[in-house]
Amino acid sequence: MRKTDWRIIAGTALVGLVCLLWLFVSGSLIWAALEDNERAAAVAAIGPRIALLFLMWAGSLIAVWVVLGYLVRHFMTAPARLLENAQVLLGTDVKRKLVPDGSPENKKLTELINQLVDQRESLREEMDQRVQEASRNTELEKNRLAALMSELTQSVVVCNLDGRILLYNNRARTQFRALSKAPSVAGGVELIGLGRSIYSVFDRKLVAHALENIQHRLQRGAAMPSAQFVTTTQAGQLLRVQMTPVRAVQMPVEGSDDAPTQTNELTGFVLMLDNITRDFEDDSEKDRVLYSLTEGSRAAIANAQAAVEVLEYPDLEPEMRERLLSVVRDEIHALGKRIEEMQTSSANTLRSRWPLEEMHGADLIEAVTRRIEAALPVKAEADQVDSSLWLKVESFSLLQALVHLAGKLQAECQVQAVQLRLQSNGQRACLDMLWSPLGEGTKAVIGWEMEQIKVGTETMSLTVQDVLTRHSGDSWVEREVETGRAFFRLLLPLAAPQEELSSDTYLRSESRPEYYDFDLFKSSEHSRSLDDSLLTQLTYTVFDTEATGLNPAGGDETIQIGAVRIVNNKLLHHEFFEQLIDPKRPIPPETIPIHGITPEMVKGQPTIESVLPAFHTFTQETVLVAHNAAFDMRCFQVKEQATGVVFDHPVLDTLLLSAVIHPNQESHRLEAIAERFNVNIIGRHTAMGDAIVTAEIFMKMIPLLAEKGIHTLGEARAAAQKTFYARLKY
Amino acid sequence: MSAKVLIADDEQNILISLEFLMKREGYQVRVAHDGQEAVDAVAQEKPHLMLLDAMMPKKTGFEVCQEIRSNPDNADIIILMLTAKGRDTDMAKGMALGANAYMVKPFSTKELAQKVRELLGAAA
């Protein structure tokens, strides 16, 4: 039943009342005008038929009801319905034609709305098309960049400001293999990978220092705001790194034709790596040869020359003459031999020095004082600084050297304050670190420059002298007679003063290729604790192990680990970890059909002591996922003492998660789940095969968990804990 | 009394000539074959002038120079450094550490004798 509109009731009631009133007033007026006899006649005539009069009144009210109903429907309900329909169209994407209804005006309005909806639809389609086109272009640019990067012979790694790797090329991958401490085990994948931290390879302070330099240069409006540094890796390799900033892009004001411009705000950096270990060794060899040719020859020639000149004295004893002649013969013979040696030497390649970069002297002094005060309880301040000087330096190692010297002064000579001075001696810059010696002198510090540089707990493989030699400089200790202060003097090469280019020159120079447009740098690190992180945003290592049996505490050993990574909801098939392990015990023959690993296969493979640390590095900063993870984690735990690594990562178990999603299923074995999720099983019962199946299952579980209201890691772990299976223990 | 000259060089081949030359110039000559020997020789008998080679075993010429100069009694010893290192940094270092003059190998013996005469003459 349709509800009666209150307006119709009210309207009809109003008309009824008015009629009644009109009837009563008219009746009263007529009554007042009548004579007494006429009144009696009227009462006699109407009195018995008064009911008819009211019937007529009621009858007319029905007509009023009908007419009012029509009017309300026609002029009021139809626009109201139109309003509702239009609101639906506005709020949703529903595409439909409204049926014209009601008054002609209302009908016209309906048609107008229909036209607007059509217009909106065509606009939307156009926009979709453009978005698709744009993303196609982006994809194209991405592919072009990827192709270009993979062809490059230089390793390139792109990171965001948190040091997370966003992009790397094939060359970088091979290079990182050389940096790996366990190259036979992990082959470098434990170091490089999307989303991994570059700080596992490079010292965070080193990168921060380079970034700081770049920032300084940007602020000064430098033409080439890049920085270089040389570093030794844990594996003892020497790397030369060039860092180029990736800057935020400012979109032009709408309507103007300007291209987007770069701002000074950094969003990340590009690292180009060169392994110069080999160059460095070549270099040392070249140095040796060069030395023997120049300085060695100088001495020999001096000997011969002196002898020849003495020979010219007429009054020489015959014995002395013979001795001098033999000196000449001796030296000439030695020189000939040396030249021959030079020729056969292989060191003919071009000389490669450390990359020295040009740096404003005052900036360097400022950095030195800051670094010393940050690292040591020593007050450092600038003395006289010639601010017109520009130096050619490798600032990181130089800073390390100075901090090292200041540290030794503090530790061994109780020096509380040092001053830094920079001046020029004409050909070179003299960087002096001055202090006031407590005791009799500078004897105690002699020879310090030959010791290996130590900063904090780290020891570099270089000495202060090495650093200076690399700068074609030198260093020594001297004492100022007038003030009694002692100082280390570091002679450093000068650079021509730089013109301070305005940043416009660079920004408009368009030296940067266009394929930098795509937005790699959006994903920034969220500092929330992992438990609050969304399951869709985490990085996972999904792994599986094979073992000699089911009792890790009772002597069963892991014989294979396979693992893949899930980053940004994508399974990275090429960033995998697969390793056989020598269990140092027999493999029970009855288990061989299950895992397919024979004793011959594990012979000569690394042992768990070297594999687990590499795997630990591979899993750094990820969430571990495994099917029946409790077993694998127990295997790792048993080895904690032997390997020294603790797997304290958050862990998710696909077995438990399956029980959360399908509590009524009987089996939560991997095969059964794979069947339910329609995941193909390939190479089942190798660690790698199972890891991939587990990963694919896990990725399908994430949306199903979300349907159950489980969105974060913490929620998933809590839900898994509550299942029946979680109560089983190994 | 003639001036005492100490020649410190590890190369026998140049010691022969230098010793002959200095003796012929009329000086009392003593030789040392490495850095330590040079320091000991100075401690035993203070020379007026030293011909000091920069590159020697045990102690380099720079170290010898610094050690000798650290004793105020030795302030008047004239040190002439002889070195095969021709770089300006070495020269700056030698002079900074207390050498009075610096000659780069190879040198002419006449110039050397002249230089020694000058240095001793200036000191006298």
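## Chain B: contacts and order of elements

Among the contacts in chain B between residues at least 6 apart in sequence, 60% join residues that are at least 24 apart. This is a predicted model, and in it chain B has five helices and five strands, which from the N terminus on run β-α-β-α-β-α-β-α-β-α. Chain B holds 124 residues, of which 48% count as buried.

## Where chain A touches chain B

On the chain A side, 28 residues are in contact with 25 residues of chain B. Four elements of chain A each supply at least two residues of the side that touches chain B, namely helix H7 (277–311), helix H8 (318–344), strand E13 (474–479) and strand E14 (486–495). Of the elements of chain A, H7(A) gives the most to this side, with 11 residues. By class, the residues of the side of chain A that touches chain B divide into 12 nonpolar, six polar and 10 charged.

## The packing of H9(A) and H10(A)

Two packed helices are described by the angle between their axes and the distance between the axes. In chain A, helix H9 (residues 361–375) and helix H10 (residues 395–413) pack at an angle of about 50 degrees, with their axes 10 Å apart. An angle that lies between 35 and 65 degrees falls in the oblique class, and H9(A) and H10(A) are therefore oblique to each other. The crossing in which H9(A) passes H10(A) is right-handed.

From H9(A), the residues A:Leu364, A:Ala367, A:Val368, A:Arg371, A:Ile372 and A:Ala375 take part, and they meet A:Ser395, A:Leu399, A:Leu402, A:Val403 and A:Ala406 in H10(A). Sorted by class, this contact of H9(A) with H10(A) has nine nonpolar residues, one polar and one charged.

In soluble globular proteins, nonpolar side chains tend to be buried together. The largest nonpolar core here has 117 residues, and the members that touch the most other members are A:Val157, A:Leu402, B:Ala8 and B:Leu52.

On the chain B side, and not counting residues up to four places away in sequence, B:Leu52 touches B:Ala8, B:Ala38, B:Gly61, B:Val64, B:Cys65, B:Ile79, B:Leu80, B:Met81 and B:Leu82.

Notes: Residues are numbered from 1 along each chain as its sequence is written. Chains are lettered from A and ligands numbered from 1 in the order in which they are written. This is a predicted model: local features need pLDDT of at least 70, side-chain atom pairs count only at pLDDT 80 or more; totals for chains, interfaces and linings use all residues. Axes are lines fitted to C-alpha atoms, for helices over the stretch in contact, and angles run from 0 to 180 degrees between N-to-C directions. Angles under 35 degrees count as roughly parallel, over 145 as roughly antiparallel, 65 to 115 as roughly perpendicular and the rest as oblique. A crossing is left-handed if the near helix is turned anticlockwise from the far one by less than a right angle, and right-handed if clockwise. Two residues are in contact if their C-beta atoms, placed from the backbone, lie within 7 Å. Ala, Val, Leu, Ile, Met, Phe, Trp, Tyr, Cys and Pro count as nonpolar, Asp, Glu, Lys and Arg as charged, and the others, Gly among them, as polar. A residue is buried if 20 or more other C-beta atoms lie within 10 Å of its own, exposed if 12 or fewer, and partly exposed in between; C-beta atoms are placed from the backbone. A nonpolar core is a set of buried Ala, Val, Leu, Ile, Met, Phe, Trp, Tyr and Cys residues joined through C-beta atoms within 7 Å.
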